[in-house]
Amino acid sequence: MRFGILGEVEARRADGSLVALGGPKVRVLLTLLLADAPRVVSTDRLIDGLYGSSPPEGGANALQAQVSRLRRSLGGLVERTAFGYRLDVSPADIDAHVFESLLSEGRPGEALALWRGSPPVELGEAYLSRLEELRLRALEADIEGSLGPASVPRLQELVAAHPLRERFRGQLMRALAAGGRQAEALTAFEQARQTLAEELGADPSAELSGTHVAILKSEAITLTPPPAQLTSFVGRDDDLAQVTALLERHRLVTLTGPGGTGKTRLAVEVSRDFEVCFVELAKSSDVAQGVLTALGLRESRTVTAPPAERIAAALDSRPLLLVFDNCEHVIEDAAQLAGYLLAQRPELRILATSREPLAITGEALYPVPRLTPSLAVRLFNDRATAVRGSFAEDVAHICEALDGLPLAIELAAARVRSLSVKDIAARLDDRFTLLSKGSRTAEERHRTLRGVVEWSWDLLSASERTLAARLTVFAGGATLADAEAVSGLPGEVLESLVDKSLVEIVGDRYRMLETIRAFCAERLDSPEIRLRHARHFLEFAAHATSFLLGSEQLEWLDRLEAEHDNLHAALRFAVDSDPDLALRLVGALSPYWWMRGRRFEGARLCLELAEKLGPALPEGRGEEYVLCVVNALGAKGEEPLRAHLSMIHAWGRARQAPPKNPFTTVVVAPAVGPPSTEDAAKLIGSDQWSTALEPLGRSFYESFAGDVNAAYHSLNEALDRFRALGERWGSMQCLMELSVIVSWRGDHARAISLLDEAIRLVGDLGSTDELGELIIRRADCLMRSGDPAAAAQEYHRVETLAVRLATPGLLVGAHLGQATLARRRGDLGEARRLCLLARDECGSGWFGPDWTRSRILVALGWVACAEKKADEAAEWFGQALADAGRWDNSALRAAVTEGLAAVALLEDDPARAARLLGTATRLRGMAVAGDTDVGAVSSAATVRIGPDQFSHNYQAGLAG
């Protein structure tokens, strides 16, 4: 059903027939509801609108009666709410809203056709004033589209009806002048000036004065307006404001940017606030002649003055905005003419669009930015809706892939006529074929995406084309030094590509839009450039890595991070083309990956390289091979690489000297273990960082052996050494391990303080993987301290982090901790579910002394104990005990033994439970303070056998 308020209120069915609405009160009610539809209109407001200051007694009942009558006409469209009534209709079904939409789309004639008469007074003064203003704007726009001598009678009536509306007066003057009635046009201006002075005490606007001056000229000019637009202008409000502000401060502003960024459309929208002459230069080879044509100045044999002088004379002192559109192919001539005209006519302003600056004194540049992601999506949806009728799909990924270029987005949106969004996204790798169908009325260079870029390419010199093609080997941009080193061309050529909008500068980096990069990459015919790129970044990575183990760590991590995409691209190329080069890159990049929390990003490429090399140590590259395999484990786990792991163990047994890079010891430790105290002298280097690493590695052996005190002192020794170096990664590792021992001792506040310091260091390093592990450790500590609510918040924080980073591995520890919390509050089903979920998230591949899997087995054993399933619990604990034996880990043996004490209680053997608890303390080297589970087992056993027997059996286990 459709509704009308642009005239007497009415409602029509879908077939166009009128709906009988009833008496005046019903019509007033409908008017009031339509004014705010589909929002709720309060009962008080409706009563006031129907009855004014004298409502009947029982006004609500009277209103309800009118509502009932309206419902008989409209059915269920009238809804009652707790606050009033609303009309359940779309704004698109009300003629006033349709009128506004048509007007905003540049269709004033169609908009005006909706007016049937005076709108109902019940709409209110403000609403009616707004509608009237919009109607007048529509009249102005409609007249502007066909302004000429025939428009005079209509404009005379409008001026009489609206004497203070300057645009009608200006249009009347121009229409009179167009018909050769200049005297009448000048009289119309004088009448306007006098009326404005008498009524407002104001002078005519600049626009009206400009029209007056134009009519006074001996050689009348006809300004070419900007081209009418058939589509809405989406977003760009900030750009409009900034360019307008630039034009207020500068007389020459040039909009620059690559093809398809919307320079012309922005210039058109900006020019609406000026008296403008639009000069289209895309098809012109003679700039001056193009301007003459745009000004309506015909060629004449009697005119002998040069075109530039003739243009200047015609402009006189007119405050005009000249728009020079698409200057790039006539840049020299455009610059010369602009400079001359600006010098001759101080009131003149020029707005140019070009893919490179005019490069003359006084020019202000405005690089037109790509659309923001939200605006890009709005544009796509707007254009897609126009061709498909309705559209509400997620297209952010398409807009991002198309660099936020308006033209590319519009071309892509047009394809929804025949392709799904999923199909469009899948074909973006061949974007030039996909986006090869544009508007038949568009300029040839704007009909296809390839045509847009090709227009710029054809204007390049040979050296510029060579560099543009070679720059495509860079992923994520390049510094000036890197671009020169890899391309072999000087920086001046790169600067020229920046000027021509083929390359943009972001900070100190030069980068190409992906669309331009894809086009230029098709023209790269030298494989040697890719090899040169990979070798260059190998040299950079090797140099940067040498600074990662000291006080300059953060600076060089940031430098490596800035080149992450280039380093990854270099490794990708090397894996495909040069395995030896790839191994060297893996060796150089591994410290960065592990310190920055990026080790899983290189895992898949390392897996490809390992599979290509096979299980064999390459001559002279054994260390790099081991690093490759260890990193590859992050992609598929242990099982697919079992043969390669045997080579790692062989390398570990055979090594007799420190590695080339000290950090290699850390990376390979999960596979071959940290060097023992006996081997440390020969396997750990004598540099300061390695000297700090040695007690850290020693602490693991001491902890595994149950000598917690020795491990504590070793960790403090390592921490002091790392701090003295200013090295954060090693310090963070020490703090993380120290926090466990400190928390075991019962000083939970200090343990949390140590973890908070470690978290600050991880923040400096930017390692999100390590951050997740630290938060889990912090949550574990909070749980031991007796604050399960705070622990639950921290585990949830890790879940959120894992989802945001798409790193499911972080969820294992969080789900394991949540399982313990669920078990202790009695939710055994949830506890079992979370344990099994954590087990599945670990995957099927297990390697090294990472005892997360064993902790899950222990947690499942405790769940089974809580369920009184002694046999199942013993089975889970038995599997974990086998892991502890395989790794010779006494701390893990202690955790399992405590679980077996709970099994002993279930089997009605409290004496054995007491002995096992004592044994666990001996194995670990201490009892864990605040362990709720151990405390519960200890209390239950004591109740059954008494304190003396419990102490006797506990001491027996402690003594061994």
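Is Cys606 buried or exposed? With 0% relative accessibility, Cys606 counts as buried (buried means under 20% relative accessible area, exposed over 50%, partly exposed in between, with a 1.4 Å probe and protein chains only). Keep in mind that this is a predicted model, where local features need pLDDT of at least 70, side-chain atom pairs count only at pLDDT 80 or more, and totals for chains, interfaces and linings use all residues. Residues are numbered from 1 along each chain as its sequence is written, and side-chain values use heavy atoms, with hydrogens and water left out.

**Cysteines**
- Looking through the whole structure turns up zero disulfides (a disulfide is a pair of cysteine sulfur atoms within 2.5 Å).
- Cys606 is in no disulfide, and its nearest cysteine sulfur belongs to Cys628, 4.5 Å away.
- Cys835 counts as buried too, at 1% relative accessibility.

**Nonpolar cores**
- The largest nonpolar core has 154 residues, and Phe380, Leu471 and Phe663 have the most contacts inside it (such a core is a set of buried Ala, Val, Leu, Ile, Met, Phe, Trp, Tyr and Cys residues joined through side-chain atoms within 4.5 Å).

**Aromatic rings**
- The structure holds nine aromatic pairs (rings of Phe, Tyr and Trp, the last by its six-membered ring, pair if their centres lie within 6.5 Å; planes under 30 degrees apart count as stacked, over 60 as edge-to-face and the rest as tilted).
- Phe99 and Trp115 make an edge-to-face pair, 5.7 Å centre to centre with 80° between the planes.
- Phe99 sits in helix 4 (residues 95-104) and Trp115 in the loop between helix 5 (108-112) and helix 6 (125-145), so the pair ties together parts that are 16 residues apart in sequence.
- Phe99 and Trp115 are both buried.
- Elsewhere, ring pairs join Phe663, Trp689, Phe722 and Trp729 into a cluster.

**Charges over rings**
- Arg523 has its charged end over the ring of Phe519, 3.7 Å from the ring's centre (a charge sits over a ring if NZ of Lys or CZ of Arg is within 6 Å of the ring centre and within 35 degrees of the ring normal).
- Over the face of Trp556 you'll find Arg559, at 4.1 Å from the ring centre.

- Three strands form an open sheet in the order 3-5-4, with antiparallel pairing (two strands pair if DSSP finds at least two bridges between them).
- Strand 3 (41-42) and strand 4 (78-80) stand at the edges with a single partner strand each, so one side of each is left without a neighbour in the sheet.
- Three bridges pair strand 4 with strand 5 (residues 84-87) in the antiparallel sense.
- Opposite Arg86 in strand 5 stands Glu79.

- Helix 14 (residues 307-315) has Arg310, Ile311, Ala312, Ala314 and Leu315 buried.
- Their cover includes helix 13 (287-294), strand 8 (321-325) and helix 15 (331-344).
- Just after helix 14, Asp316 takes a positive phi of about 50°.
- Val493 belongs to helix 24 (residues 491-499) and is buried, with a relative accessible area of 11%.
- Leaving aside residues up to four places away in sequence, Val493 touches Ser463, Glu464 and Leu467 (contact means heavy atoms within 4.5 Å).

Notes. Helices (H or I, at least four residues) and strands (E, at least two) are DSSP runs, numbered from the N terminus.
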